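Please examine the sequence and the model before reading on.

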Amino acid sequence: MKKTAVITGGTRGIGLAAARKLGSLGCSIVIFASGAQEKYQQTFDVLTGMGIDWIYVRGSLDDSDDRKRLVEEAVKRYGRIDILVNDAGVAPKERRDLLEMSEESFDRVMGINLKGTMFLTQLVAKQMIAQEKIFTLKGHIVNVGSCSAAVSSVNRGEYCISKAGVSMITTLFADRLAPEGIVVNEVRPGVIATDMTAKVKEKYDRMFAGDQFPIARWGRPEEVAEAIAFFCSDAVTYTTGNYLDVDGGFHIRRL
Ligand SMILES: NC(=O)c1ccc[n+]([C@@H]2O[C@H](COP(=O)([O-])OP(=O)(O)OC[C@H]3O[C@@H](n4cnc5c(N)ncnc54)[C@H](OP(=O)(O)O)[C@@H]3O)[C@@H](O)[C@H]2O)c1
């Protein structure tokens, strides 16, 4: 029997790499994002060409009706949810100094990155708990956090705050769901080449030329997807509430 993986933000970047990886490992994939299906049709055609069984659910993570519909459509199509990858996330539309951050930007980033992740996890956890246990565990949940959970960027504070919150979501759900046979872990990417970072390419190119990154290059979405796939695998049965940096060693403090 195939596992079903729900991947928010699975249309592009890290989420798409995770969809391709988990799909190639034999999972049925439920992709959730806010763009129109036509926009991503070529991407979906590639998944089909790889022999991956997928459906797309369009909606916004910060909308409670959309989150509910995502779970309903996944269960309607595949009968169950075994894996949840909470990948969807946004950066502020505009980088602004902390002293000038707007409430509107704060609400948008927190609504998608934090509230959306919190309440989708709550819904999916209830679904997993209600399901018959047919695999080694009842479920694997992976949150895509960020190095920004612990690193200060004063010109996009709302993003850092949201990712620090995601880190606590990992801890809380790991604790609550352990007795239910569901493990919850987190992957923390550093600087990965995706649409999200394309707008600040020059800044990061300059950083890689300096000495802040032991592995001095852009990370690839596929490299993050490997870590996500590991945390989703049946090899992970006694590890919960942990995170793995996928950041070229950026977290190492140097003297
Ligand atoms: N790239 C990096 O360097 C980096 C570093 C650390 C952490 N991360 C984290 O990794 C995750 C993926 O980032 P990425 O770089 O792959 O970003 P990306 O290329 O911009 O992709 C973001 C994905 O999220 C979806 N999304 C955006 N808003 C949404 C909403 N309201 N509801 C549902 N889906 C939504 C997007 O699709 P639509 O636009 O169609 O909705 C897209 O599929 C994010 O959580 C990000 O914070 C990235």
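## Contacts of E158

Apart from neighbours within four places in sequence, E158 is in contact (heavy atoms within 4.5 Å) with P92, M101, S105, F106, V109 and M110. With S105 there is a polar contact between the two side chains, at 2.6 Å. Within protein, a polar contact is a pair of N or O atoms within 3.5 Å, one able to donate a hydrogen and the other to accept it; residues adjacent in sequence count only if both atoms are side-chain atoms.

The model is predicted: local features need pLDDT of at least 70 and side-chain atom pairs pLDDT 80 or more, while totals for chains, interfaces and linings use all residues. Residues are numbered from 1 along each chain as its sequence is written, and side-chain values use heavy atoms, leaving out hydrogens and water.

## Position of E158

E158 belongs to helix α5, residues 157-177; helices are DSSP runs of H or I with at least four residues, numbered from the N terminus. E158 has a relative accessible area of 3% and is therefore buried, a term for values under 20% with a 1.4 Å probe, protein chains only.

## The ligand

Among the 31 residues around the ligand, T11, S34, Y40, Y159 and T194 come nearest; a residue counts as near if one of its heavy atoms lies within 4 Å. A side-chain N or O atom of T11 is 2.6 Å from an oxygen atom of the ligand. A backbone N or O atom of G35 lies 2.8 Å from a ligand oxygen atom.

Technical notes
Helices (H or I, at least four residues) and strands (E, at least two) are DSSP runs, numbered from the N terminus. Buried means under 20% relative accessible area, exposed over 50%, partly exposed in between (1.4 Å probe, protein chains only).
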